[in-house]
Amino acid sequence: MPTAVSLGLPNMRGRAPLLAGLAIDSFGGGCAGPLLLLYFVRVADIPLGTAGLMLTVATMFSIAAPAAVGMVVDRVGPRNLVIGAQFAQGLAFTGFFFGRSLWLLFLCALVMTTGQRVFWSAIFSLLADIADPGDRDRWFGLGGMMQAAGFGLGALAAGVLLSLGGDAPFLVGMAVNAVTFFIAGVLLLRLRAKHEAQAAQDTGPAPLLRKDKAFLVLIAANTILALCTMMIGVALPVYVTEALPEAPKWIVGVLLAATSVVLATGQTLVVRHTERRRRTKVLVLAGVLWAVWGLLMAGLLHVPAGLVVPGLVLATVVFAGADVLHAATGNALAAAVAPTVGRGKYLSYWQYSFTFASVLVPAFFAQLFERRQELPWVTLSVLALVAAGTIVVLERVLPEVATRRT
């Protein structure tokens with residue numbers, strides 16, 4: 001068996017610009033993302049509360065982007081939208097580098113968040129377009145791996161920059177991200193993606209999609225799964241710091257880095273070893289594992305001090321298993337369920353599951369944590385089981401060709 005096949009890799013001939021673009025883009029994001037809020041406070045001299053509110057408002061304005069992408073992606077092609085999103089984000093970070101005015105920085109934040117939404121609304125359609133027959137799941141896995149690897153390396157670079165003093169580290173972070181976006185955009189200009197422009201067959205924001213109840217329920221179920229995958233980054237630092245005094249604070253970085261390594265190295269292997277399983281079954285297993293993760297995290301409040309760190313490690317292993325199962329399979333299922341005509345529209349709306357989850361997760365955790373420290377984890381476990389059960393029911397109505405990989 002060829003090595004590439006045994007590793008679960010797709011045919012990459014002619015697609016190197018896309019892989020390089022994804023990795024470079026994510027490196028810049030990993031480098032600048034952790035520095036952005038501090039940049040506003042320390043370099044632009046904007047109060048923390050104002051900076052946080054500015055980013056939140058900019059994010060809220062960008063929520064309409066997936067719907068807008070859904071109306072045009074099948075006509076203009078996802079490649080063109082992804083390239084435009086890269087250059088737009090590059091301009092936004094150029095503005096961050098030079099700008100100090102609150103309103104200029106808000107405008108740049110609006111361009112940045114809208115570019116992010118457009119990118120995520122079109123990238124999976126692009127991966128579907130460039131994949132050979134039978135390779136779509138592997139391309140979703142490989143694309144996710146390249147992004148995770150780039151982001152992890154960028155986060156390490158951000159850590160190095162944070163150890164330095166003065167304003168220079170933050171300016172370097174903004175500059176690096178601007179450059180990486182422009183490089184990624186130029187690389188993608190060299191990518192040849194097969195896409196046939198489709199004439200508009202309806203008017204308004206996806207009326208055919210609104211009639212597809214099974215797909216809308218699938219989006220709802222994936223919103224819960226996306227909430228699970230985003231929970232660790234938001235909740236783990238607070239939980240360890242505020243609720244688990246027995247655990248050393250440095251373990252947060254180690255556990256998050258380890259999760260990134262799993263995503264950066266394991267997605268194609270997971271696809272390779274689950275290719276004969278139904279996509280729906282794989283997602284159900286991910287939901288069950290996330291339910292177990294939530295219970296393990298809640299249980300850490302009731303174990304002896306000496307078991308807290310081993311318990312955190314065990315819980316993170318379970319989380320990583322669920323995350324790597326969900327990462328490629330969920331997007332591949334959405335692409336397979338979507339009709340050939342209008343697939344780009346379907347996949348752009350699919351991104352609303354991640355959009356809604358990103359908006360919900362901070363309030364979800366904070367509000368429940370303030371009431372009782374176990375509550376967010378127990379509630380998440382229940383929701384994960386609800387999502388898994390919903391997918392079990394959906395399996396009966398979704399086309400078998402979509403739920404199966406081979």
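1. Start with helix H5 (residues 78-98) in this predicted model. Phe-93 and Phe-96 both sit in H5, 3 residues apart, which is about one turn of the helix. Phe-93 is buried, at 4% relative accessible area, and Phe-96 is buried too, at 0%.

2. Next along are Phe-97 and Phe-98, an edge-to-face aromatic pair with 4.9 Å centre to centre and 85° between the planes. How accessible is Phe-97? At 28% relative accessibility, Phe-97 counts as partly exposed, because its value falls between the 20% and 50% cut-offs. Phe-98 comes out at 62%, so it counts as exposed.

3. On to the aromatic pairs as a whole: the count comes to 21. Phe-93 and Phe-96 make one of them, edge-to-face, with 5.2 Å centre to centre and 80° between the planes. The edge-to-face label follows because planes over 60 degrees apart count that way.

4. Worth a look in the viewer: one aromatic cluster is formed by Tyr-239, Trp-290, Trp-293, Phe-319, Phe-365, Phe-369 and Trp-377.

5. Now the helix packing. H10 (residues 213-243) and H15 (residues 352-371) pack at an angle of about 40°, with their axes 8 Å apart. That angle makes H10 oblique to H15, since roughly parallel would need an angle under 35 degrees. What kind of residues make up the contact of H10 with H15? They divide into 19 nonpolar, 4 polar and 1 charged.

6. As for handedness, H10 passes H15 in a right-handed crossing.

How values were computed:
Residues numbered from 1 in each chain as written. Predicted model: local features only at pLDDT ≥ 70, side-chain atom pairs only at ≥ 80, totals over all residues. Heavy atoms only, no water. Axes fitted to C-alpha atoms, helices over the stretch in contact; angles between N-to-C directions. Helix = DSSP H or I, 4+ residues; strand = E, 2+ residues; numbered from the N terminus. Parallel < 35°, antiparallel > 145°, perpendicular 65-115°, else oblique. Left-handed = near helix turned anticlockwise from the far one by under 90°. Nonpolar A, V, L, I, M, F, W, Y, C, P; charged D, E, K, R; others polar. Phe/Tyr/Trp six-rings, centres within 6.5 Å; stacked < 30°, edge-to-face > 60°. Buried < 20%, exposed > 50% of the residue type's maximum accessible area, 1.4 Å probe, protein only.
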